[in-house]
Amino acid sequence: MSKKNLTKIREMIINKLKDSGIMPFIIEEVNYSLNYLNYYKLTNIKDNIDLFIDKITNLNQQYYKSLMK
């Protein structure tokens, strides 16, 4: 798989996270982590993007609640 295709998949995932209102520092961490995943893992995330966003959104909400305490 070419680097161009991997980059497109990563960008699509990050754009979906940005659209869902995730805190920027979480997006940065996810972006950093995505650089270490291979094509099959990235494709799996892409194919299950709604579940992935749900999990990251839950993490985002838990962090926000911890700040409010």
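Read along the sequence, the chain of this predicted model follows the pattern α-α-α-α. It has 4 helices and 0 strands, where helices (H or I, at least four residues) and strands (E, at least two) are DSSP runs numbered from the N terminus. Residues are numbered from 1 along the chain as its sequence is written, and side-chain values use heavy atoms, without hydrogens and water. Local features need pLDDT of at least 70 and side-chain atom pairs pLDDT 80 or more, whereas totals for chains, interfaces and linings use all residues.

The C-alpha trace spans about 45 × 20 × 20 Å along its principal axes. Among contacts (heavy atoms within 4.5 Å) with a separation of 6 or more, 72% join residues 24 or more positions apart.

Of the 69 residues, 29% count as buried; buried denotes under 20% relative accessible area, exposed over 50%, and partly exposed the range in between (1.4 Å probe, protein chains only). The chain exposes about 5,200 Å², of which carbon and sulfur atoms supply 52%; such areas come from the Shrake-Rupley method with a 1.4 Å probe, and for residues only the protein chains shown count as cover.

On the surface, Phe25, Tyr63 and Leu67 form a nonpolar patch with about 280 Å² of accessible area together. Patch members have over 30% relative accessible area and no salt bridge, and nonpolar side chains (Val, Leu, Ile, Met, Phe, Trp, Tyr) are joined within 5 Å, like charges within 9 Å. A salt bridge places a side-chain nitrogen of Lys or Arg within 4 Å of a carboxyl oxygen of Asp or Glu. Tyr63 lies in helix H4 (residues 49-68) and is partly exposed, with a relative accessible area of 33%.
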